[in-house]
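Me: I have a structure here that I have not seen before. Can you walk me through a few spots?

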Amino acid sequence: MKLDDSSLQKFGFIKRETLGSINIDPLQTGGRLTEAAKQALVEWGDGYSVCDFCGGVLDQIKKPPIYDFVHKALPEFLDCDEARVTNGARESKFAVMHSIGKPGDWIVLDGLAHYSSYVAAERAGLNIKTVPHSGSPDYYLDPEGYATAIEEVTKESGKPPALALVTYPDGNYGNLPDARKIASVCHQYDVPLLLNGAYAVGRMPVSAKEIGADFIAGSGHKSMAASGPIGVLGVSEEYAPIVLRKSKHNKVKEVEFLGCTARGATVMTLIASFPDVVKRVRNWDQEVENARWFSARLEEMGFIQRGQKPHSHDLMFFEAPRFYEISEKVKKGRYFLYKDLKARNIHGIKSGLTKYFKLSTFGLGREKLEVVADSFEDILKKYEDI
Ligand SMILES: *Cc1c(COP(=O)(O)O)cnc(C)c1O
């Protein structure tokens, strides 16, 4: 033990610099806590706090109402047969990949898949075939590409892929692919489909059954106003016995979840926010309208929104040739944008980015979005002569 008191001084309670900012970071807009969740975080912050009245299975806990949440509310919300809480969308995906595939099997991913889909597949020992997208400017994903990829895998490996995945929407452009069509293409080959809804579940209406997805993954800290790390997983009846199978050694514990997942404040913040999350999903049309309004304002200033147009999600990708030009000439270089936004109390565009960046308009409301759009305009004006 070499730690002396002075080396401990920087730890302890730490203030969060960006807490009061207008935050447009796509990672963070859907994970802001409700007041109820903030309270829950303190109330249930002790380790294993939910286990006071546990009989051995996390999702069977009646007090607090984890059982009702996992077995009644969540399947209804996701519109699927069975649901579980996990430690994140990636853990949900890994549980599916690991149980449905065997090492050496193939999986088909969309060309815009998140890195966590790749590493989950890698950890499960699966080979990856990707479905290409059309590239700039709209990054369109053709559902027929799944047929091609599945046929290629079958030809090259002698059997169809164990699973296909679609990212709905993707985390770069906020594109919503035709998941229903993709599910139907995959099912023509008897390949089950996993819908990665990390940016959908908790923001917008999404129904696993309507889409025809066999599995659906969501992220509590990304899109369900939870502290996390926490995720949700929906599974169809057909695949539930495989994904939710129980241990040989401990008859009540589910293997893919290592027995128990979210065992404390994480699940309690998810439950605390859930009523508000259900209600905000009903408000999705307004969110889309806000995103389109914001995109139009930025385009008026000479920015170019890439990806689907008109856009149907709050996550948007912009190209900003003028900001790039400025960055090449000002003293602060490529950090000017971050600093100028910071001076206006706006956080969320990655420090150092100017030419391309993504942002999210979710939950900000028209008033704050106006402040953000006006700030972009101000910054352009400030460097007018450069
Ligand atoms: C953020 C994100 C994830 C990861 O979610 P976690 O809950 O942190 O595991 C997965 N997929 C996409 C598309 C994401 O944007």
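Reply: What follows covers an annotated lysine, a cavity and an arginine. This is a predicted model, where local features need pLDDT of at least 70, side-chain atom pairs count only at pLDDT 80 or more, and totals for chains, interfaces and linings use all residues. Residues are numbered from 1 along each chain as its sequence is written, and side-chain values use heavy atoms, with hydrogens and water left out.

Me: What does UniProt place at K222?

Reply: The unreviewed UniProt entry gives "modified residue: N6-(pyridoxal phosphate)lysine" there, at K222. Such annotations may be inferred rather than shown by experiment.

Me: Is K222 buried or exposed?

Reply: K222 counts as buried because its relative accessibility is 11%, and buried means under 20% relative accessible area with a 1.4 Å probe, protein chains only.

Me: What does K222 touch?

Reply: Leaving aside neighbours within four places in sequence, K222 is in contact (heavy atoms within 4.5 Å) with P26, L27, G30, G31, A198, Y199 and R203.

Me: Switching topic, which residues line the largest cavity?

Reply: Among them are V57, L58, D59, R84 and F257. A cavity is a set of points on a 1 Å grid over the protein atoms alone where a 1.4 Å probe fits but cannot get out, and lining residues have an atom within 4 Å of a point.

Me: And what is the volume of the largest cavity?

Reply: About 100 Å³, counting the space filled by probe spheres set on the points.

Me: Last one: which side chain does R306 make a polar contact with?

Reply: That of E319, at 2.6 Å. A polar contact is a pair of N or O atoms within 3.5 Å, and within protein one must be able to donate a hydrogen and the other to accept it; residues adjacent in sequence count only if both atoms are side-chain atoms. R306 is also buried, at 18% relative accessible area.

How values were computed: Buried < 20%, exposed > 50% of the residue type's maximum accessible area, 1.4 Å probe, protein only. 1 Å grid on protein atoms, 1.4 Å probe; cavity = no way out; pocket = protein on both sides within 12 Å on 5 of 7 lines; lining within 4 Å.
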